[in-house]
Amino acid sequence: PEILSRLVEAYRRIRNTIRFLLANLYDFDPAVDQVPYEKMAELDRWALHQLALLQEKVTAAYEDYEFHTIYHAVHNFCVVTLSGFYLDVVKDRLYILKPAAAARRSTQTALYLLADAMVRLCAPIMSFTADEAWQHLPGERPADNVFAVDFPALPPRFRDEALAAVWEELLAIRRAVLKKLEAARRDKQIGLSLDARLTLQARGRVRELLESYREQLADIFIVSQVEIGELEAGEPGEGEEMPDLLVTVSPAAGEKCQRCWRYDRQLTPASAAHPGICPRCLAQLED
């Protein structure tokens with residue numbers, strides 16, 4: 001019973017990940033809305049790089065009849081790569097931005113490519129689920145069922161090692177930030193991560209990287225506000241793993257936006273057409 005229970009839980013995680021991908025493609029037509037790869041947001045291209053790695057591993061495992069490798073690879077991809085990071089970060093743009101916003105369409109393009117590839121790769125070992133998902137993919141499909149199509153043929157350009165290396169650095173910073181956010185949550189400083197304001201004092205390569213991604217940091221860390229400062233030489237950072245970074249968590253300034261839940265100092269007044277929302281959300285609601 002314990003073994004079966006674990007398998008059921010793992011299956012549901014994979015199935016629910018595919019459901020999430022499909023659910024966020026309800027207004028996406030690949031023939032009209034798909035964004036060219038070179039115009040996609042960097043984070044979305046990172047997700048496609050991870051997909052290319054998954055395809056290579058899974059395809060090789062099928063060739064060697066190592067079905068346990070396929071199961072572990074797909075499960076880990078869903079739990080760690082997608083649910084644990086990518087999908088958590090892109091929820092904001094999927095739910096908050098205008099339907100046809102460039103960033104939202106870019107993410108939907110990535111979700112479509114992820115769903116299409118994962119359904120094909122899972123078909124031999126999750127046949128009923130894969131075929132059910134295949135019926136709900138948007139756009140025209142090359143066959144009525146998933147078993148009549150080949151495995152995905154992903155373009156070589158999806159493999160971008162340089163991009164992956166940069167995001168691996170960002171993910172290392174994110175892990176340090178998440179530890180501090182969790183500590184602040186335990187100490188009752190904050191509730192949700194969006195209740196937080198981060199002060200990131202950094203030096204060297206870490207400072208350079210943070211400055212380069214300044215506009216995306218609130219999204220990456222899923223907080224309301226991020227400030228970047230200088231970490232003086234000799235001043236200790238976050239231990240051996242991140243010696244050039246010092247993270248301070250404090251409650252976010254301003255009031256909570258009723259639409260995106262981020263804190264802002266300039267919410268619309270109660271008398272406005274859309275009361276209690278931040279300037280970013282207001283821009284999404286106006287024509």
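Predicted model: local features only at pLDDT ≥ 70, side-chain atom pairs only at ≥ 80, totals over all residues.
Another helix, H7, covers residues 161–186 and lies across E1 and E3. H7 runs at about 35 degrees to E3.

## The sheet as a whole

How many strands form the open sheet, and in what order? There are three, in the order E2-E1-E3, and their pairing is mixed. Strand E2 (225–230) and strand E3 (245–251) stand at the edges with a single partner strand each, so one side of each has no neighbour in the sheet. From one strand to the next, the twist averages 20 degrees.

The pairing of E1 with E2 is parallel and runs over six bridges. Within this pairing, Ala-202 stands opposite Glu-230 in E2. Strands of a sheet pair through backbone hydrogen bonds, and both senses, parallel and antiparallel, occur.

## The two faces of E1

In a regular strand the side chains alternate between the two faces of the sheet. Strand E1 has one covered face and one uncovered face. Which residues make up the covered face of E1? They are Ala-196, Leu-198, Leu-200 and Ala-202. The uncovered face consists of Arg-197, Thr-199 and Gln-201.

Five of its seven residues are buried, so E3 is largely enclosed by the rest of the structure.

Ser-250 is found in E3. Is Ser-250 buried or exposed? Its relative accessibility is 17%, and the limit for buried is under 20%, so Ser-250 counts as buried. Leaving aside residues up to four places away in sequence, Ser-250 touches Asp-195, Ala-196 and Arg-197.

Pro-251 also lies in E3. Its relative accessibility is 48%, so Pro-251 counts as partly exposed. With residues up to four places away in sequence again left out, Pro-251 touches Gln-189, Asp-195 and Arg-197. The C-alpha atoms of Pro-251 and Ala-196 are separated by 4.7 Å, although the two residues are 55 residues apart along the chain.

## The largest pocket

The largest pocket holds about 240 Å³ of space. Its lining consists of 14 residues. Asp-88, Lys-91, Asp-92, Leu-194 and Ile-222 are the ones that lie nearest its centre.

Which elements give two or more residues to the lining of the largest pocket? They are helix H4 (67–96) and helix H9 (217–221). H4 gives the most, with six residues. By type, the lining has eight nonpolar residues, six charged residues and no polar ones.

Key:
Residues numbered from 1 in each chain as written. Heavy atoms only, no water. Pairing = 2+ DSSP bridges. Helix = DSSP H or I, 4+ residues; strand = E, 2+ residues; numbered from the N terminus. Axes fitted to C-alpha atoms, helices over the stretch in contact; angles between N-to-C directions. Contact = heavy atoms within 4.5 Å. 1 Å grid on protein atoms, 1.4 Å probe; cavity = no way out; pocket = protein on both sides within 12 Å on 5 of 7 lines; lining within 4 Å. Points joined across faces, edges and corners; volume = space filled by probe spheres on them. Nonpolar A, V, L, I, M, F, W, Y, C, P; charged D, E, K, R; others polar. Buried < 20%, exposed > 50% of the residue type's maximum accessible area, 1.4 Å probe, protein only.
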